[in-house]
Amino acid sequence: MISYLIDIFLIGIGAALINNFVLYYFVGICPFVGVSRKISTAFGMGCAVIFVIAIAAVISWAITTYVLMPGALLSRTVAGLFVPPETAAGIDLTILSYIVYIFAISSSVQFVEMYVRKFFPPLYKALGVYLPLITTNCAILFACLVIMSKITGVDNPADAWDLGRALTLAVGGGIGFTIAIVIMAGIREELDLCDVPKPFKGVAISLIVAGILSLGFMGFTGVDSGLRKAMMPKPEVVAQVQPEAEAGK
Amino acid sequence: MADQPTAAERFIQGILPENPVYRQLLGLCPTLAVTNGLKAAITMSAAVLFVLFCANVIVSLIRNLLKPHLRIVIFTLTIATFVTFADRFLAAYVYQMSKVLGPYIPLIIVNCLIICRCEVCASKQGVVTAGADAIGQSLGFCLALCSIAAVRELLGTGMLFDIRVLPVVWPDWVIMVLPPGAFLTFGLLLGLVNWYSDRRAAAAGGK
């Protein structure tokens with residue numbers, strides 16, 4: 001139990017700081033460059049991303065586990081109605097995953113937008129303009145793909161991620177995105193007052209600043225293994241959980 | 001339709017004047033993520049060429065059937081289908097490279113470049129123009145990726161296409177192949193391109 005909690009904690013820290021979605025994996029660069037002019041809009045965008053990424057993670061985890069992965073429960077049962085059970089047990093729909101994910105993300109964004117507009121008008125006012133943009137935010141699809149690789153890509157079915165881990169990764173990634181974009185917006189507000197050489201004005205200088213930020217975030221490298229060592233209660237537990245550390249990275 | 005650019009104009013514009021990366025700032029995720037080596041950059045460009053060409057042609061063929069509020073969904077589903085083809089093909093024939101590119105191949109689905117070309121060109125113009133536009137834009141994309149990848153690979157490892165170019169005494173700037181190097185290289189090159197085109201524009205204005 002305690003090792004599970006530590007695992008969850010480290011997945012969250014890893015997604016938010018160590019392997020920051022924007023500064024390490026380069027996903028969500030478009031809003032990072034486009035919507036980082038003011039701190040308030042950057043924060044609004046970040047909140048909208050956290051909101052949608054959590055929903056997308058739950059949906060993609062459920063779809064992958066019950067429908068897409070080889071021999072998944074739901075697709076096996078449905079196929080079992082038409083073909084003999086031993087044929088149905090070998091069903092593998094992973095090839096459809098990209099189409100299913102992007103469809104799930106864009107439709108859930110639509111539904112979230114309608115729901116929020118109907119029931120939470122103030123929240124809609126705050127997030128509204130950013131919600132449609134998020135459909136094409138790579139960070140969301142990237143989170144879905146990582147979750148898929150942690151479910152279908154593992155050798156031992158017992159190592160497959162559960163919903164808690166998937167959700168932690170997604171929310172951690174969303175928080176990491178928010179941290180990066182808010183820091184960037186703060187720097188850009190100051191940059192507007194600086195005398196930047198003309199060809200570098202705008203995006204070029206922002207990218208160079210992002211490079212320096214990314215350099216700063218590289219300082220977190222290795223924090224996760226250090227934390228894991230420090231928090232593990234007994235040596236035998238360390239030996240038992242070590243493979244998960246590899247998988248959790 | 002008289003004011004729309006022709007096929008040849010679309011093709012030429014995509015390569016330099018409206019370069020997707022340096023001019024329109026589209027498709028930045030792969031630009032930064034897969035440019036730590038020339039081979040990865042070229043594989044990525046080939047995948048984008050295939051997906052963009054197929055998506056542009058299909059969207060152009062069905063452009064009269066599209067409903068305005070559903071068009072983005074149709075675009076993404078079309079793109080996702082072709083990305084699945086490209087992904088399976090790469091995994092079957094160049095397995096090592098597909099491991100290196102990892103999640104960035106499926107992320108072509110949400111690459112703004114392709115959706116933008118479907119929206120701007122393919123959903124308004126004929127098949128030939130859409131195809132020429134796709135090839136021109138992809139060549140421009142390839143050019144941009146290769147320019148960044150060449151700088152990063154040369155400075156970071158002293159090699160080009162995994163062949164040593166710089167003398168062995170060259171101290172490898174490992175930072176160039178790590179994430180910060182991508183931001184720095186692209187920022188500096190973008191500034192350089194801006195400076196050059198400003199100078200060209202000023203020279204043309206001065207005459």
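This is a predicted model: local features need pLDDT of at least 70, side-chain atom pairs count only at pLDDT 80 or more; totals for chains, interfaces and linings use all residues.
By class, how many nonpolar, polar and charged residues does the lining of the second largest cavity have? The count comes out at six nonpolar, two polar and no charged residues.

Rolling a probe the size of a water molecule over the atoms shows where empty space is left. Searching the whole structure this way turns up two cavities of 30 Å³ or more. Helix 6 of chain A has the largest share, with four residues.

The largest cavity comes in at a volume of about 60 Å³. It is lined by 13 residues, and those closest to its centre are A:C138, B:C29, B:P30, B:L107 and B:N111. Helix 2 of chain B is the top contributor here, putting three residues into the lining. Sorted by class, the lining of the largest cavity holds eleven nonpolar and two polar residues, and no charged ones.

Now for the cysteines. A disulfide is a covalent bond between the sulfur atoms of two cysteines. Over all chains, the tally of disulfides is zero. Take B:C121: the nearest cysteine sulfur belongs to B:C118 and sits 9.1 Å away, so with a cut-off of 2.5 Å for a sulfur pair, B:C121 is in no disulfide. B:C121 also counts as buried, because its relative accessibility of 0% falls under the 20% limit. B:C29, one of the residues closest to the centre of the largest cavity, has a relative accessibility of 3% and therefore counts as buried too.

That leaves B:T31, which belongs to helix 2 (residues 28-33) of chain B. This is the helix that gives the most residues to the lining of the largest cavity. B:T31 has a relative accessible area of 0%, so this threonine is buried. Leaving aside residues up to four places away in sequence, B:T31 touches B:V21, B:F141, B:L145 and B:I148.

Terms used: Residues are numbered from 1 along each chain as its sequence is written. Chains are lettered from A and ligands numbered from 1 in the order in which they are written. Side-chain values use heavy atoms; hydrogens and water are left out. Buried means under 20% relative accessible area, exposed over 50%, partly exposed in between (1.4 Å probe, protein chains only). Helices (H or I, at least four residues) and strands (E, at least two) are DSSP runs, numbered from the N terminus. Contact means heavy atoms within 4.5 Å. On a 1 Å grid over the protein atoms alone, a cavity is a set of points where a 1.4 Å probe fits but cannot get out, and a pocket is an open set with protein on both sides within 12 Å along at least five of seven lines; lining residues have an atom within 4 Å of a point. Grid points are joined across faces, edges and corners, and a volume is the space filled by probe spheres set on the points. Ala, Val, Leu, Ile, Met, Phe, Trp, Tyr, Cys and Pro count as nonpolar, Asp, Glu, Lys and Arg as charged, and the others, Gly among them, as polar.
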